[in-house]
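Hi everyone, thanks for coming. Please take a moment to look at the model on the screen before I start talking.

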Amino acid sequence: MKITFLVVGGLIYLVFVLILYKASKNFKIKPIWVVLLSVFLTPLAGLIALLISEKGHLITIERYVCDRCHLEHTENHQTCPHCKKEGYEITLRKVRYKSL
Ligand SMILES: [Zn+2]
């Protein structure tokens with residue numbers, strides 16, 4: 001009875017920590033600080049830290065990467081221009097970076 005209560009309570013506690021961790025990715029505060037505050041000082045402290053922190057501006061950057069020479073291109077070419085000079089036809093792969 002008591003063990004079940006502790007396990008369920010611990011799982012609910014961890015779910016709150018996980019929710020705050022996911023939410024912290026859109027804020028300027030480092031997610032590890034939110035997790036540490038939530039684990040050691042209850043998720044309420046983590047939530048307060050999130051609310052105090054400024055909201056970050058998420059930027060998505062798109063690049064086109066060649067799998068052979070690993071160069072990143074800003075424009076989408078049909079094939080890698082660098083490898084084309086060496087006689088290879090390598091199709092570029094689209095990559096997205098997210099940053100604050
Ligand atoms: Zn290449």
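I'll go through the helices, then how they pack, and then a few single residues.

First, some housekeeping. This is a predicted model, where local features need pLDDT of at least 70 and side-chain atom pairs count only at pLDDT 80 or more, while totals for chains, interfaces and linings use all residues. Residues are numbered from 1 along each chain as its sequence is written. When I say helix or strand, I mean DSSP runs numbered from the N terminus: helices are H or I with at least four residues, and strands are E with at least two.

Let's begin with helix 3, which covers residues 42–52. Which of its residues are buried? They are Pro43, Gly46 and Leu50. Buried here means 20 or more other C-beta atoms within 10 Å of the residue's own, exposed means 12 or fewer, and partly exposed is in between, with the C-beta atoms placed from the backbone. Those three cover an arc of only 55° around the axis, which puts them on the same side of helix 3. The arc is taken from the directions from the helix axis to the C-beta atoms. As a reminder, an α-helix has 3.6 residues a turn, so residues three or four places apart point the same way.

Now helix 2 itself. Val34, Leu37 and Ser38 are its buried residues. Looking down the axis of helix 2, they fall within an arc of 95°, so they line one face of the helix. The face turned away from that buried side carries the exposed residues Ile32 and Phe40. Helix 1 and helix 3 are included in what covers the buried residues of helix 2.

Let's take these helices in pairs. Two packed helices are described by the angle between their axes and the distance between the axes. The axes are lines fitted to C-alpha atoms, for helices over the stretch in contact, and the angles run from 0 to 180 degrees between N-to-C directions.

Helix 1 and helix 3 have axes that come within 10 Å and cross at roughly 10°. They are therefore roughly parallel to each other; the cut-offs are under 35 degrees for roughly parallel, over 145 for roughly antiparallel, 65 to 115 for roughly perpendicular, and oblique for the rest. Their crossing is left-handed, a term for the near helix being turned anticlockwise from the far one by less than a right angle, with clockwise being right-handed. On the helix 1 side, the contact is made by Tyr13, Phe16, Val17, Leu20 and Ala23, and on the helix 3 side by Pro43, Gly46, Leu47 and Leu50. By class, that is 8 nonpolar, 1 polar and no charged. Nonpolar covers Ala, Val, Leu, Ile, Met, Phe, Trp, Tyr, Cys and Pro, charged covers Asp, Glu, Lys and Arg, and the others, Gly among them, are polar.

Next, helix 1 and helix 2. Their axes come within 9 Å and cross at roughly 160°. Helix 1 and helix 2 are therefore roughly antiparallel to each other, and the crossing is right-handed. Phe16, Val17, Leu20 and Tyr21 of helix 1 make the contact with Pro31, Val34, Val35, Ser38 and Val39 of helix 2.

The remaining pair on my list is helix 2 and helix 3, with axes that come within 6 Å and cross at roughly 145°. Here too the crossing is right-handed. Trp33, Val34, Leu37 and Ser38 in helix 2 meet Pro43, Ala45, Gly46, Ala49 and Leu50 in helix 3.

Finally, some single residues. Just after helix 2, Thr42 takes a positive phi of about 70°, although it is not a glycine. His70, in the loop between strand 1 (59–65) and strand 2 (72–73), also has a positive phi, near 65°. Is His70 buried or exposed? With 8 other C-beta atoms within 10 Å, His70 is exposed.

And Lys85 lies in helix 4, residues 81–85.

Definitions and conventions:
Contact = placed C-beta atoms within 7 Å.
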